[in-house]
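Q: Can we go through this one together? I'd like to start with the charged pairs and then move on to a helix and some strands.

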Amino acid sequence: MTKKVSLYYFQWSNGCTLPNFHIHRIYLPYLCFLDDKNNKTLEQYKKRGIELVGAMPAITKGFHDYAIKANWKTLTKSPYLDAMLISNLGQLDMFKDRGIPLYADSGMNIFNSSSMDLMKRYNIQSMTLSYELTEIQISEIQNHGIELEKVIYGRVPVMHSEYCPLDCKKKEGQNHEKLDQRQYYLKDRVDENNPIISDCKSCSIILLSSRQIQNQNSIRVKNENITYYRFNVYNENVEAINEWYIKNLP
């Protein structure tokens, strides 16, 4: 079975250059679909036959909870939005029975047939598997007809936190939105830099792994349970992604 390819953008800017290989699905922060300035680019993606999915952050209370409830009709009526990617059980309850396809991200911790069966009952149509699963464990999962997706390239979220280191900067009178565009890191005990992605609207952060995963083994095994290979995109050079794809994917 030929694998499909998806891109997950932790952050996305209008007009960013896409890799030049065939892309079947793109995950974008859900707020991208609420900004009319993005419509032209989203339309271009759709003309390329790309499925566009609105990705919810792992932490949604506060600003994001309000934004979803206040803009639900606008979001669901977007001609560019094909599905929503949810990251926790609260979002599952928020979006069920809303008439839009739902996909489950790795934060839902899908790791065995029982959790797959639960997602099926909620009509989840696609799932990103937990990063920890081995190829043998994946092959043993009964997917109940649900598309399974495995991340094969990019950085991995290692922590979500409502404590934002940039908040202290905001209190010093600096513009949080501008600070959000800069790059900050948390240095670990082996002197590696873990990138910090700050969500200035909710004052929360995602801490990414210091190194990329490049899972060539998953490709070589050719697990029949997997439908999508996913690339997590942070600030990787597009040409580097293209080269890795050409080298590792047929």
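A: A salt bridge here is a side-chain nitrogen of Lys or Arg within 4 Å of a carboxyl oxygen of Asp or Glu. Keep in mind that this is a predicted model.

Q: Fine. With that cut-off, what is the N to O distance between E149 and R230?
A: The closest N and O atoms of E149 and R230 are 3.7 Å apart, and the two form a salt bridge. E149 belongs to strand β7 and R230 to strand β13, so the pair ties together parts that are 81 residues apart in sequence.

Q: Is E149 buried or exposed?
A: E149 counts as buried because its relative accessibility is 0%. R230 is buried too, with a relative accessible area of 1%.

Q: How many salt bridges turn up in the whole structure?
A: A search of the whole structure finds 12. One of them joins the side chains of D117 and R121, at 3.5 Å, N to O.

Q: Where do D117 and R121 lie?
A: Both are in helix α5, four residues apart, which is about one turn of the helix. D117 counts as partly exposed because its relative accessibility is 31%, and R121 is exposed, with a relative accessible area of 63%.

Q: Staying with α5, which of its residues are buried?
A: In α5 (residues 113–121) the buried residues are S115, M116 and M119. Seen down the helix axis, the buried residues of α5 fall within an arc of 105°, so they line one face of the helix.

Q: What do those buried residues pack against?
A: They pack against α4 (89–95), β5 (102–104), β6 (124–128) and β7 (147–154).

Q: Which exposed residues are on the face turned away from the buried side?
A: S114 and R121 are the exposed residues carried on that face of α5.

Q: What about the backbone just after α5?
A: N123 takes a positive phi of about 65° there.

Q: Switching to strands. How many residues of β11 are buried?
A: Four of the five residues in β11 (residues 204–208) are buried, so by the cut-off of under 20% relative accessible area the strand is mostly covered.

Q: Which strands are joined to β11 by bridges?
A: β8 (residues 157–161) is joined to β11 by four bridges, and the two run antiparallel. β10 (residues 193–199) is also joined to β11 by four bridges, again antiparallel.

Q: Which residues of β11 stand opposite S161 and I197?
A: S161 has I205 opposite, while I197 has I206 as its bridge partner.

Q: Why would neighbours along a strand point different ways?
A: Because in a regular strand the side chains alternate between the two faces of the sheet.

Q: How many residues lie between the strands in the hairpin of β10 and β11?
A: Four, and C203 in that hairpin takes a positive phi near 55°.

Terms used:
Residues are numbered from 1 along each chain as its sequence is written. This is a predicted model: local features need pLDDT of at least 70, side-chain atom pairs count only at pLDDT 80 or more; totals for chains, interfaces and linings use all residues. Side-chain values use heavy atoms; hydrogens and water are left out. Buried means under 20% relative accessible area, exposed over 50%, partly exposed in between (1.4 Å probe, protein chains only). The arc is that of the directions from the helix axis to the C-beta atoms. Contact means heavy atoms within 4.5 Å. Two strands pair if DSSP finds at least two bridges between them.
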